[in-house]
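Subject: Structure handover

Hello,

Here is the structure for you to look at. Please open it alongside this email.

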Amino acid sequence: MKKKLLAAAVAVCAVVLAVVIGADFLFSKETNEVLLSMNTTVSLDITGYKPEQTAKEIKEEIMRLDTELLSRTSASSELYALNNGKAQVSDELATLLAELKQIEIDSDGAFCVALGALSDLWGINTDNPKVPTQAEIDAVLKNTKDWSIDGNTVYIPKGVKLDMGAVGKGYACDSMMGIIYGLNHIKTVAAVGGSVLVYSSEPKETFRLGIRDPLGQATDYCAILETTGSCVSTSGNYERFFEDEKGNRYHHIFDPSTGYPADSDINSVTVITQYGYISDALSTACFVLGVEKSLPLLEKYNAEAIFITNNNEIISTLSDGDSATLTVTNNNYKLGELR
Ligand code: AMP
Ligand code: MG
């Protein structure tokens, strides 16, 4: 009899506790899922109440972004239609394109969403990459600055192609945030290629992210970033590249002022902000600009960055009062100073 009373008391306590601290917390589970979309690997690690349901919604949203909005190759996407003569876009794409035009202006043209034809010319993501002639480069660069947006109407000069490769993955992080924000007792680490969203409904919770060693293998890291909820995007010259017969290496992030792979002082840059499309666009822009010229841009967008220079220095804009911290974990690298 006593045992029955005790079991009943425990059950009542569990129910009371569930009501007090949230039933979803008591029944929280974890799910890990991987899918291929947006030309990259997407990994989702979600802890919460019915995480599979949240993961399902996120996967559907990522597929929508890829096939219906941002893909340059899928004939069903808005961007494809835009690149093939259509001028009117949805509110969603118009809002994003207007923001990207502003980042183009603020980065002094280092970030430019109109480099699709230049990327095609180099063919870096194809089986037949090549170094184009100067005349070919001049021809595709000619009108890239002249694309414009006015309300929902986009003007794209002849020969120019928009390409969301530098920003779509970060934008996907924002869309994921739209799904999970406001859910109780949820924790998410979601990576879309080089853009990562970390979020917890407990705002003080911190996450540890490895910063990839640009000279190592895909799983090697050289520093650890500890941060509360944010979007973290990395651009690096190790991602996609080819070598010519002389051993010269050509990577996928172009300097729009030359049409050649950006030749700044860094091998990678990681940008941390609240918005994924900003962290992603800025990481590409900062890669082109190099350490010093990036600083005003980062300040303007309230973003922090970690640069890994090509002489193995790790230079961070994070300072002592910031909620994020950085620890170098590889002896081949040393912390450098901002000049
Ligand atoms: P990310 O890895 O985010 O830096 O993006 C690199 C991708 O963005 C490339 O594969 C190109 O598709 C595109 N891209 C290259 N250079 C630029 C640039 N300067 N501005 C905008 N997009 C670029
Ligand atoms: Mg980017």
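Below are the main findings, taken site by site.

Please keep in mind that this is a predicted model.

The metal site

Start with the magnesium ion (ligand 2). Its protein donors are A166 (O), D280 (O), D280 (OD) and T284 (OG1). They lie 2.1 to 2.5 Å from the ion. Along the chain, the donors follow the spacing A-x113-D-x3-T. A166 sits in the loop between β4 (153–155) and α8 (168–180), while D280 belongs to helix α9 (residues 276–300), so the pair ties together parts that are 114 residues apart in sequence. Both A166 and D280 are buried.

The largest pocket

This pocket has a volume of about 1,100 Å³. It is lined by 40 residues. Those closest to its centre are D163, G165, A166, K169 and R240. Which elements give two or more residues to the lining? They are α3 (51–70), α6 (116–122), α8, β9 (230–236) and α9. By class, the lining has 14 nonpolar, 18 polar and eight charged residues.

Aromatic contacts

How many aromatic pairs does a search of the whole structure find? It finds six. Take Y275 and Y277. Their ring centres are 6.4 Å apart and their planes are at 50°, so the pair is tilted. The cut-off for buried is under 20%.

There is also one aromatic cluster, formed by W122, F242, Y250, F254 and Y260. Separately, R249 lies over the face of F241. The distance there is 3.7 Å from the ring centre.

N330

Look next at the loop between β17 (325–328) and β18 (334–336), where N330 has its place. Is N330 buried or exposed? Its relative accessible area is 18%, so N330 is buried. N330 and K169 are 161 residues apart along the chain. Their C-alpha atoms are separated by 28 Å. K169 is one of the residues closest to the centre of the largest pocket.

Best wishes

Definitions and conventions. Residues are numbered from 1 along each chain as its sequence is written. Chains are lettered from A and ligands numbered from 1 in the order in which they are written. This is a predicted model: local features need pLDDT of at least 70, side-chain atom pairs count only at pLDDT 80 or more; totals for chains, interfaces and linings use all residues. Side-chain values use heavy atoms; hydrogens and water are left out. Donors are N, O and S atoms within 2.8 Å of the metal (3.2 Å for Na, K and Ca); water is not among the atoms, so sites may look incomplete. Helices (H or I, at least four residues) and strands (E, at least two) are DSSP runs, numbered from the N terminus. Buried means under 20% relative accessible area, exposed over 50%, partly exposed in between (1.4 Å probe, protein chains only). Rings of Phe, Tyr and Trp (its six-membered ring) pair if their centres lie within 6.5 Å; planes under 30 degrees apart count as stacked, over 60 as edge-to-face and the rest as tilted. A charge sits over a ring if NZ of Lys or CZ of Arg is within 6 Å of the ring centre and within 35 degrees of the ring normal. On a 1 Å grid over the protein atoms alone, a cavity is a set of points where a 1.4 Å probe fits but cannot get out, and a pocket is an open set with protein on both sides within 12 Å along at least five of seven lines; lining residues have an atom within 4 Å of a point. Grid points are joined across faces, edges and corners, and a volume is the space filled by probe spheres set on the points. Ala, Val, Leu, Ile, Met, Phe, Trp, Tyr, Cys and Pro count as nonpolar, Asp, Glu, Lys and Arg as charged, and the others, Gly among them, as polar.
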